[in-house]
Amino acid sequence: MIYTDLETASREEIQAVQNERLQETVRNAYENVEYYREQLDELGVTPDDVETVDDITKLPFTTKEDFRDQYPDGLFAVDDDEILRIHASSGTTGKPKIVSYTEDDLEVWSEVVARCLAAAGLEPGDTVQNAYGYGLFTGGLGLHYGVEELGATVIPIGAGGTQRQVEMLADLESDAIACTPSYSLYLAETAEEMGIDIKDLPLSAVIFGAEPCTDPMREEIEERLGVTGIDIYGLSEIVGPGVSIECAEAQDGLHIWEDRFYPEVVDPETGEPVEEGEEGELVLTTLSKEALPVFRYRTGDLTTLNYETCDCGRTMVRMDNITGRADDLIIVRGVNLYPSEVEDVVLEFEEIAPYYRIDLDREGSLDTIEVTVEIDDAFDGDRDELHDRILTRLENVLSFTPDQLTLADYGTIERTEVGKVQRVFDHR
Ligand code: DLL
């Protein structure tokens with residue numbers, strides 16, 4: 001179901017909306033945020049210089065560091081009494097990034113999430129079990145109000161309590177569950193232990209996001225839960241979940257609601273725009289946020305953009321699934337490695353469960369890397385032979401040999417019930 005006419009509008013119509021909203025955003029930021037005013041003054045740019053989205057490169061980038069430096073509210077553009085909600089995103093280091101919303105911002109957020117759910121194939125009257133964490137994390141409340149905006153029923157169960165999640169799924173016959181991709185697999189595993197096959201339930205979609213999901217992992221989710229896996233993307237600094245989502249019809253890239261969030265893709269090293277269709281770092285500009293307007297935010301997420309009209313009829317640009325972040329890159333003895341490369345290998349082998357961890361350490365001046373995978377419950381073959389086969393495959397894919405490959409017993413790698421999964425442990 002298409003939720004708003006703009007989703008299928010012509011490029012000219014979309015751009016006209018973008019131009020107008022960009023002008024308002026720049027004016028709001030310039031007039032109300034000292035930090036932005038100083039930045040623009042230094043560059044000699046005035047709000048009048050930004051007339052269309054083609055002028056966007058006149059604006060400076062905003063980074064995670066800017067959020068940290070301006071902690072807690074240096075980037076806010078409205079007075080406290082206009083702020084209805086605060087959320088925060090905690091990184092692995094330093095202070096959290098604090099984000100805020102006016103009444104209008106909350107309405108826009110609910111509307112974009114409702115668009116997402118409609119694109120995911122949900123309709124008024126459907127039921128969604130929302131297993132994202134409620135609280136400062138944007139996942140819980142963000143999805144929550146979007147489900148209500150669509151006119152569907154939300155079950156605000158939140159993260160964790162996995163047995164209860166399974167019971168609720170069965171008893172309340174939800175059409176969809178919203179959770180991280182790794183958690184959906186844990187849910188399937190827990191259900192199996194409880195003697196319930198999720199495939200037999202009415203559940204037809206998992207709205208997964210907040211962390212990367214590779215194609216093999218999506219296949220595993222779809223097969224084990226008997227669902228359509230729909231990837232939803234977003235980040236607190238821009239709004240929360242609801243920046244983009246795949247449509248159920250094509251599942252071929254995530255439609256960015258570009259009347260609200262203007263996307264660019266740049267070379268992560270130089271910051272220069274890449275050619276259309278080339279991979280780079282996603283940069284987003286909010287087009288209607290009142291409380292927290294953000295210019296050209298360096299998301300750190302790697303993707304490509306595709307402006308072709310989708311089979312679903314939507315004209316809004318699609319971004320590729322995010323399987324890596326610029327700062328996910330692990331450098332081991334000078335060799336570049338993304339955790340998703342290890343994940344692809346893990347998911348190729350039926351003999352091992354879809355869980356792994358990577359431990360990095362240093363012996364003397366030398367980096368070491370240990371990969372731990374988990375043997376599937378049903379496996380009763382030769383462990384040594386399996387070990388050698390996995391190691392050979394890892395060597396081929398990574399172009400170096402991990403110092404150690406450990407085959408752990410089933411159930412020994414910690415499952416992530418709440419929050420985002422952590423696969424890499426850097427002890428260096
Ligand atoms: O994770 C918002 C969200 C909640 C999105 C629920 C989807 C569902 P943050 O905690 O600020 O916000 O983290 C944002 O998470 O920059 C990406 O690196 C990563 N991320 C979010 N969605 C996806 C996704 C929420 N679908 C950061 N695929 C982003 C890959 C994702 N990575």
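Biologist: Which residues have the most contacts inside the largest nonpolar core?

Modeller: Ile-207, Tyr-233, Val-243 and Ile-245 have the most contacts there, and the core has 78 residues. Keep in mind that this is a predicted model.

Biologist: Which helix gives the most to this core?

Modeller: That's α4, residues 103-119, with nine residues in the core.

Biologist: Let's follow up on Ile-207. What is Ile-207 in contact with, leaving aside its neighbours within four places in sequence?

Modeller: Quite a list! Its contacts include Leu-117, Ala-120 and Leu-122. Ala-176, Ile-177, Ala-178 and Cys-179 are also among them. Tyr-132, Ile-230, Ile-232 and Ile-245 touch Ile-207 too.

Biologist: And what does the second, separate core include?

Modeller: That core has 27 residues, among them Ala-131, Ala-188, Leu-201 and Ile-221.

Biologist: Switching to the ligand. How many residues surround it, and which are the closest?

Modeller: There are 21 residues around the ligand, and the closest are Asp-231, Ile-232, Ser-236, Asp-301 and Lys-420.

Biologist: What does the backbone of Ile-232 do there?

Modeller: A polar backbone atom of Ile-232 sits 2.7 Å from a nitrogen atom of the ligand. Ala-210 has a backbone N or O atom 3.1 Å from a ligand nitrogen, and for Glu-211 a polar backbone atom is 3.4 Å from a nitrogen of the ligand.

Biologist: How much of the ligand does the protein bury?

Modeller: The protein buries 93% of the 610 Å² that the ligand exposes when taken alone.

Biologist: Which elements give two or more residues to the shell around the ligand?

Modeller: Those are α5 and β7, the latter spanning 228-235. The largest share, five residues, comes from β7.

Biologist: Tell me about α5, then. Is it mostly covered or mostly exposed?

Modeller: Mostly covered, with ten of its 13 residues buried. Among the buried ones are Thr-138, Gly-139, Gly-140, His-144 and Leu-150. The helix runs over residues 138-150 and reaches 18 Å from its first C-alpha to its last, close to the 18 Å expected at 1.5 Å a residue.

Biologist: What comes just after α5?

Modeller: Gly-151, which takes a positive phi of about 95°.

Biologist: How accessible are Glu-173 and Arg-333?

Modeller: Glu-173 has a relative accessible area of 48%, so it counts as partly exposed. Arg-333 is partly exposed as well, at 35%.

Biologist: Where is the cis peptide bond?

Modeller: It joins Tyr-71 and Pro-72, with omega about -5°. Pro-72 belongs to the loop between α3 (64-69) and β1 (85-89).

Biologist: Last topic: Val-346. Buried or exposed?

Modeller: Buried, because its relative accessibility is 3% and the cut-off for buried is under 20%. Val-346 is part of helix α9, residues 339-348.

Biologist: What does Val-346 touch, not counting residues up to four places away in sequence?

Modeller: Val-346 touches Ile-352, Ala-353, Pro-354, Tyr-355, Tyr-356 and Val-373. The C-alpha atoms of Val-346 and Glu-374 are separated by 9.1 Å, with the two residues 28 apart along the chain.

Notes
Residues are numbered from 1 along each chain as its sequence is written. This is a predicted model: local features need pLDDT of at least 70, side-chain atom pairs count only at pLDDT 80 or more; totals for chains, interfaces and linings use all residues. Side-chain values use heavy atoms; hydrogens and water are left out. A nonpolar core is a set of buried Ala, Val, Leu, Ile, Met, Phe, Trp, Tyr and Cys residues joined through side-chain atoms within 4.5 Å. Buried means under 20% relative accessible area, exposed over 50%, partly exposed in between (1.4 Å probe, protein chains only). Helices (H or I, at least four residues) and strands (E, at least two) are DSSP runs, numbered from the N terminus. Contact means heavy atoms within 4.5 Å. The expected span of a helix is 1.5 Å times one less than its number of residues. A residue is near a molecule or strand if one of its heavy atoms lies within 4 Å of it. A polar contact is a pair of N or O atoms within 3.5 Å; within protein, one must be able to donate a hydrogen and the other to accept it, and residues adjacent in sequence count only if both atoms are side-chain atoms. Accessible areas come from the Shrake-Rupley method with a 1.4 Å probe; for residues, only the protein chains shown count as cover.
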